[in-house]
Amino acid sequence: MQHNIEFEPFTLITPNARMSPSVHGGRAKCLQRLIRLDMPVPTTVALSFDTVREIARGQMPEMSSLLEPFGDAPLLSVRPSSADSDWGGPGAILNIGFNNARHRELTEKIGLEAATALYLRFVQSYSVVVARLDPEQFHLPDAPTEAALRSMLEAYEYETDELFPQDPAQQLAEVLRSMARAWDGTTARLLRQAKGAPADAGLGLVVQAMAMGVGRGKSGSGVIQFVDDKTGEQRITGRYLSQSQGREALTKTKEALFITKDDRGLSVEEELPEVFAQLAGYRDLCRIRLREEMQIEFTVEDGELHVLDAIRVQRSNRASVKIAVDLALDGIIPTDEAVMRVDPAILSELLHRQVDPSATPDVIVAGIAASPGAACGRIVFTANEAQASAARSEACILVRRETTPEDIRGMHAASAVITVRGGITSHAAVIGRGLGLPCVVGASDLVIDRKRKVMIAPDGREFREGDVITVNGTSGRVLAGMVPLMEPALDGAFRQLLDWADEFRDIGIRANADTPADAQIARNFAAQGIGLCRTEHMFFEGDRLGVMREMIFAHTAEDRRAVLDRLLPMQRGDFIALFQIMHGTPVCIRLFDPPLHEFLPADKSGHRELAEQLSLPLSEVTSRVEALTEYNPMLGMRGVRLGLSYPEIYDMQARAIFEATVEASRSGDPVVPEIMIPLVSAMREVELVKSRIDAVAAAVRAETGVDFRFRYGVMVETPRAALRAEEIAMHAQFLSFGTNDLTQMTYGLSRDDAGRFMSAYVQAGVYAEDPFHTLDVEGVGELLSMGAERGRKGREDVVLSICGEHGGSRSAISFCRSQKFDYVSCSPFRVPAARLSAAQLAISDRKISASV
């Protein structure tokens, strides 16, 4: 390991100096690479992580040896060099070594005002940053006069009872000590740990000779990059401060842009064409040799270029994809490296509008970021109001304590959803992700006054129905007013990256899609089929909810069949559309799952409205609703239990599937639907449902004269189904693990209520992560492993997958690959990230295998 190699306390950076980014930091190693490329980098010395730790403890290196490479009377800068630039660090300190003697010397060279301005800036930064004096006492004056300089030096002496230090060695020692201790401060440590830095992350420091960019000839300083940091397109941007010392004071410089001439002055290309040509050449050199787009920091002294630093261009998520793809298309990096360079998490953001990062948000409340994206709209409190708003072409935000299946129509109509209750796998979160709808759940600090139609913020502010707010589902924040948004970025680079990803991944990626609209989104994102179609969601569309309620109130099986016959053509039409959209790829249809009470209104006004629709006494409606009410409905009459109690429901669905199969196969590839039985816990349940479905299939074949194939499967979402997978698999061609319910039942947690205490549990270390957000591979994963192993014993060729919301996460995909699952299925908008994650995992495994 590199950490075991002995390194010098500080190292003069030369092309062949022994250096490592894990010892000296990324900036130091990058400067060495620039020197190796023959760039004009000023003399630089790197201090190792261990040396900086010793400095923080008061053990200073030998200052005379450290200063030796810089000669007599040096002017220096010190910059941080951490292992990862994103971890931050103390700010750079410039012009170390400036003193009275250097002030007199530079006055003769560049003029009194310019020299005085430089000295003032150093005294200010040293006093405030190093000596920790009150900033109020050290404001830079409007004009850099000798009187102002004397005043600032006197202020330093008054505050410290010491003269301003004149010895460069003393100045440098104090700067190094200040920066080392700043890195160890509590605030700095917490900030970098929040960015993923380990607790013991080290800091290196680089001491560099100043190239100030001032002189009597053409001089200045600037930064330049050759790619747009927002879009990733090739474009020259930056800034250049042209200094005309001796003729114009440093504080009155003119700014010139790189791109074109404008009213602020010449571009550096026009003013210093030779320098610009050098910079352009260095850009190409960095791009090819360092294999990255770099921002170059430079100065010009009397026409001579100095490169002070080059850092990786900070970029937006959209630009990250574009830059990685362009580097691969230009042959600078291989395609597998381009795939590895992009964080899958950013793809979800690119699919949706996002809050403009330059906006100043007014935060109303923070909750759980349940579905990414951002939207603005007027507040509504019911699904009906959301539909009415959509009919008026007005964007709205649906605000609910929690959503139920009855709210799906309102969610379709809304631009975003907020709920007070719920977690990452609550109803609102799951449906929001499926619809690509920005969603914030678990905003428990909100209070909803339904009678007054008011939303009350934690700070007491009231937001009424019709007020405009913005939902940031990516960050989990609700904002006041209409905040500027950025549009999605599904460009050619995005698609090219995913095409490359598909070449490397070794596990299938399907989508959970409940409607033809969902299926089209899944198809657009190149899902390899539908892994979960929750058919009950179709019943909330249009007039179907009313028909469904009629069926619930029917007294006999014959009456229920009569009502279901009206739903049959609707379901058949949906399935035909699904099959046609998916063009022969697999479509897995889950039979009816939720408890019936979810289709009934929960409040008294809803009961009255339903009684009017069904022409029934209010008492009868209320009585029926109460009869269907369960203490724990998620463990009650739902799934296969409902299908066995009311078999006519599954009969109707099976007929709709088979008739759609026949119809869709007439105009395209043969359709082979997959029929999945939910909430199974015993083999006998599968046998009973299978026998009825077989009978329906035989009837449809006889009626149409068309033969067709289909596959049976089971949704494994109870622990017992996982434990009894061997015998269940004897009657099922596939097992799809529903990790949402399986996690809920394994933990004994309500996925709708756990959000109220889950953050406290995670913070206390009870759980490493929210198990509804990140698959618990140790607990729930053990059941998955057992279920997979036992399922294969029952049927050697059984197809295995997961279709819960975990399916799109990297950890779940990694687990499924390790267990040799055939595919994962996730929300349509998570498909791109899942494709990329799967590819990266395959590439990593391949590299590990190659190195063994």
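1. A cavity is here a set of grid points where a 1.4 Å probe fits but cannot get out, and its lining residues are those with an atom within 4 Å of a point. The structure is a predicted model, and the count comes to 5 cavities of 30 Å³ or more.

2. The largest cavity has a volume of about 100 Å³, and of the 13 residues that line it, Ile431, Leu435, Asp514, Asp518 and His537 lie nearest its centre. Helix 16 (408-413) and helix 17 (427-435) each supply at least two residues of this lining, with the largest share, 4 residues, coming from helix 17. In terms of residue class, the lining of the largest cavity has 5 nonpolar, 5 polar and 3 charged residues.

3. The second largest cavity holds about 40 Å³ of space, and its lining consists of Gly643, Leu644, Pro647, Tyr650, Asp651, Val689, Arg692 and Ile693. At least two lining residues come from each of helix 24 (640-645), helix 25 (647-666) and helix 26 (683-704), and the classes represented in the lining of the second largest cavity are 5 nonpolar, 1 polar and 2 charged residues.

4. Phenylalanine 757 sits in the loop between helix 29 (739-747) and helix 30 (758-763), and it counts as partly exposed because its relative accessibility is 32%.

5. Two backbone positions deserve a look in the model. Most residues other than glycine have a negative phi. Alanine 526, however, has a positive phi, near 65 degrees; this residue is found in the loop between helix 19 (516-524) and strand 25 (530-534) and is partly exposed, with a relative accessible area of 34%. Serine 615 also has a positive phi, near 55 degrees, and lies in the loop between helix 22 (604-614) and helix 23 (618-628), where its relative accessibility of 64% means that serine 615 counts as exposed.

6. The count of salt bridges comes to 55. In one of them, glutamate 297 is paired with arginine 79, the closest N and O atoms being 3.1 Å apart. Glutamate 297 lies in strand 9 (residues 294-301) and arginine 79 in strand 3 (residues 76-82), so this pair ties together parts that are 218 residues apart in sequence. How exposed or buried are the two partners? Glutamate 297 is partly exposed, with a relative accessible area of 26%, whereas arginine 79, at 9% relative accessibility, counts as buried.

7. Arginine 701 forms a salt bridge with aspartate 707, and here the closest N and O atoms are 2.9 Å apart. Arginine 701 counts as partly exposed at 28% relative accessibility, while aspartate 707, at 62%, counts as exposed.

8. A further salt bridge joins the side chains of arginine 830 and glutamate 805, at 3.9 Å from N to O. Arginine 830 lies in the loop between strand 31 (823-826) and helix 33 (831-851), and glutamate 805 in the loop between strand 30 (799-802) and helix 32 (810-818), so the pair ties together parts that are 25 residues apart in sequence. Arginine 830 counts as partly exposed at 22% relative accessibility, whereas glutamate 805, at 4%, counts as buried. Elsewhere, salt bridges that share partners join Arg291, Glu292, Arg312, Arg315, Glu337 and Arg341 into one network.

Terms used
Residues numbered from 1 in each chain as written. Predicted model: local features only at pLDDT ≥ 70, side-chain atom pairs only at ≥ 80, totals over all residues. Heavy atoms only, no water. 1 Å grid on protein atoms, 1.4 Å probe; cavity = no way out; pocket = protein on both sides within 12 Å on 5 of 7 lines; lining within 4 Å. Points joined across faces, edges and corners; volume = space filled by probe spheres on them. Nonpolar A, V, L, I, M, F, W, Y, C, P; charged D, E, K, R; others polar. Buried < 20%, exposed > 50% of the residue type's maximum accessible area, 1.4 Å probe, protein only. Salt bridge = Lys/Arg side-chain N within 4 Å of Asp/Glu carboxyl O.
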